[in-house]
Amino acid sequence: MSTTEKHHFQAEIQQLLDIVIHSLYTDKEIFVRELISNAADACEKLRFTQAAGTAVYQSETVPGIAITTGEKTITITDTGIGMTHGELVENLGTIAHSGTKAFLKQLAEDKKPDTKLIGQFGVGFYSAFMVATNVTVLSRSLAPDAQGWRWTSQGTGGYEIEPAGDLPRGTAITLQLKDDASEFAEADNLERIIKRYSNFVQYPIELNGKRLNTVQAIWARSKNEIKPEEYTEFYHFLGHDDAEPRYRLHFTADAPLAIQALLFVPERNFETLGMARIESEVNLYCKKVMIQDKAKGLFPEWLRFLKGVVDSEDLPLNISRETMQDSSLLKKLNGVLTGRFLKFLDEQAEKEAGTYAKFYEQYNRFLKEGVVSDYQHKDALGKLLRYESSALPKGAQTSLAEYVKRLPEGQKEIYFLIGQNREAVESSPYYEVFQARKFEVLFLYDPWDEFVMDHLRQFDGKDLRSAEKAELDVAEPTKKEGTLSDDDATALAAWIKETLGDRISAVRPSKRLVDSPAVVLEADKFMTSTMRRIMKSMKRDTDAPDIVKHDLEINPAHPLMSRLNAMRQADPALAGKVAEQVLDSARVAAGLMEDPRAMLKRINELLEQVLTAKA
Ligand code: ADP
Ligand code: MG
């Protein structure tokens with residue numbers, strides 16, 4: 001009786017395999033990296049289990065990786081943890097990772113999909129099917145009472161599992177290569193590829209009996225002995241990424257904790273590639289033994305783009321991963337590492353502004369997430385923010401520290417104005433008083449910035465103040481020809497308030513306007529128009545036209561106001577319409593107009609009246 005079991009792949013895996021098998025990829029060779037990376041992970045897990053004192057089958061066999069080639073075959077053998085029957089089914093037949101769907105979508109849509117990234121999505125094993133017609137996995141788990149299993153698959157049509165008798169501990173994966181992939185079985189070629197991708201594996205790798213790599217934990221070596229290429233190669237291996245990292249930080253600390261850390265920032269922010277939320281990929285070691293890969297809690301969530309290694313000899317080796325996650329030691333480690341990384345960014349920004357700008361473009365949303373969610377680090381993060389400013393040409397950015405340095409005598413606040421883009425903020429009525437008084441204003445174009453400013457509150461002891469809220473007067477009100485007298489302006493304001501009724505909370509002559517006839521201001525001192533818009537969108541079901549009341553300020557120097565003042569006696573009906581339009585126009589300028597239908601109807605009536613008068 002046959003003991004062979006037939007299994008189907010989980011639907012997502014079958015879909016992935018169909019794409020991987022039937023497409024022509026130029027970067028097929030990455031399967032070497034992915035399979036060796038799995039073998040190295042298996043060795044790492046073995047070492048961890050042993051270090052924790054658990055009994056292991058063939059405990060005298062040291063972890064390592066051996067690769068052999070034959071006629072159109074490659075076999076990658078490791079003496080790592082191996083897999084039980086259940087683990088073979090679980091690990092090679094299903095996927096738990098959330099990013100896989102996003103990866104599949106990208107593969108399916110993109111004509112030249114970036115298969116190099118396959119390892120980032122927790123499906124690296126399946127890259128074997130880019131080059132193989134048949135994959136056989138022989139595996140025996142480290143559990144002393146386990147047995148050996150043979151797993152085979154042609155990719156399509158599922159996989160089979162059968163008992164394989166007595167096997168040594170670990171896993172051997174044999175690829176039967178496709179005709180057009182036979183070059184991978186040539187030893188010279190394979191050696192080159194292994195060296196390219198896997199030089200930094202922490203376990204010995206042999207190819208046909210020849211030792212290829214020198215095993216050294218790069219993070220534990222002295223900085224001045226390490227060549228830049230070595231760092232880059234290590235990053236390529238660790239990050240499953242072919243690009244150069246944007247930043248690299250290698251540091252050691254003795255107090256308050258003994259730490260050796262090597263951290264990388266990828267050039268690209270993988271979260272903006274339309275993919276799922278990325279997960280931190282910093283592995284935690286204790287004296288070169290991996291305690292946890294992709295360690296949770298080692299860094300705050302907003303630093304989840306980091307990749308690298310943290311090694312601390314202060315960690316207890318036999319700690320369980322669950323207890324680790326909320327240990328006070330981890331919190332301490334997190335504090336030290338985060339502080340150090342932020343300091344590093346600040347130094348880099350100072351030293352090489354151009355590189356920092358590229359980093360910032362990719363990662364500013366993460367820093368902003370930090371300001372909003374991480375009270376402990378918000379001040380350090382505030383230093384890292386960059387914005388356009390009225391003091392700089394379009395496209396150039398300033399830090400808050402530079403803004404403060406430029407502060408003229410007497411200015412006590414840092415002003416910012418939020419809008420769609422440069423043109424929009426520069427033509428905003430709120431900007432007029434700043435322009436007139438030559439006060440610098442930061443221009444913020446990201447809707448998140450409102451919350452960032454709200455959480456940051458202060459920088460260097462100076463309040464951050466929305467330009468919409470600033471209590472500023474144009475220093476010398478322009479007494480243009482036809483400017484309304486103070487009394488007339490006050491009377492006009494009172495009449496407008498009477499005409500508009502409840503639609504506005506107060507109307508008064510303005511001292512902040514130059515070119516605009518009127519402006520609306522939040523009656524609530526702490527609410528800005530963006531926040532109000534967001535609040536309103538959350539309360540869509542209320543029929544109240546406005547959740548927050550506005551004040552209207554009118555410009556006594558604007559010809560529209562002097563004419564309106566004259567017209568309110570001569571033609572109250574027309575003047576009333578104009579007053580309503582003044583309010584609506586100001587609301588449009590403030591980005592507060594949601595339903596313009598009533599306004600359009602009124603404009604048409606006004607236009608008709610203008611034309612009738614001229615006819
Ligand atoms: P990932 O490595 O990101 O988890 P893979 O598709 O590369 O995704 O591998 C899937 C899983 O299969 C691994 O997490 C591991 O549990 C298991 N696995 C693969 N290769 C080996 C191996 N050589 N030894 C033990 N387990 C392995
Ligand atoms: Mg893998």
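In strand S11, Ile259 is the bridge partner of Ala253, and in this predicted model, local features need pLDDT of at least 70, side-chain atom pairs count only at pLDDT 80 or more, and totals for chains, interfaces and linings use all residues. Residues are numbered from 1 along each chain as its sequence is written, chains are lettered from A and ligands numbered from 1 in the order in which they are written, and side-chain values use heavy atoms, with hydrogens and water left out.

S10 (247–253) and S11 (residues 259–265) run antiparallel and are joined by 7 bridges. They form a hairpin with 5 residues between them, and Tyr247 has Val265 as its bridge partner in S11. Helices (H or I, at least four residues) and strands (E, at least two) are DSSP runs, numbered from the N terminus, and two strands pair if DSSP finds at least two bridges between them. On its way through the sheet, S11 is also joined to S14 by 5 bridges, again antiparallel, with Ala261 standing opposite Val310 in S14. S11 is mostly covered, as 6 of its 7 residues are buried (under 20% relative accessible area; exposed is over 50% and partly exposed in between, with a 1.4 Å probe and protein chains only).

The whole open sheet has 5 strands in the order S10-S11-S14-S12-S13, with mixed pairing. S10 and strand S13 (289–292) stand at the edges with a single partner strand each, so one side of each is left without a neighbour in the sheet. Direction ignored, neighbouring strands are turned by 20 degrees against each other on average. Helix H8 (residues 328–351) lies across S10, S11, strand S12 (281–286) and strand S14 (307–311), running at about 130 degrees to S10. Here axes are lines fitted to C-alpha atoms, for helices over the stretch in contact, and angles run from 0 to 180 degrees between N-to-C directions.

Ser312 is buried, with a relative accessible area of 1%. Its side chain reaches the backbone oxygen of Ala258 at 2.8 Å. Leaving aside neighbours within four places in sequence, Ser312 is in contact (heavy atoms within 4.5 Å) with Ala258, Tyr285, Cys286, Lys287 and Leu333.

Turning to the nonpolar cores, each is a set of buried Ala, Val, Leu, Ile, Met, Phe, Trp, Tyr and Cys residues joined through side-chain atoms within 4.5 Å. The largest has 156 residues, and Trp151 and Leu552 have the most contacts inside it. Helix H2 gives the most to this core, with 9 residues. Apart from it lies another core of 14 residues, among them Ala217, Phe234, Phe264 and Met290. Beyond four places in sequence, the contacts of Leu552 include Ile496, Leu500, Val520, Leu583 and Ala586.

Leu583 and Ala586 are among the buried residues of helix H18. The buried residues of H18 pack against helix H15 (486–500), strand S21 (518–522), strand S22 (550–554), helix H17 (559–570) and helix H19 (597–614). At 1.5 Å a residue, the 18 residues of H18 (residues 572–589) should span 26 Å, which agrees with end C-alpha atoms 26 Å apart; the expected span is 1.5 Å times one less than the number of residues. Just after H18, Gly591 takes a positive phi of about 75 degrees.

Key: Polar contact = N/O pair within 3.5 Å; in protein donor to acceptor, adjacent residues only side chain to side chain.
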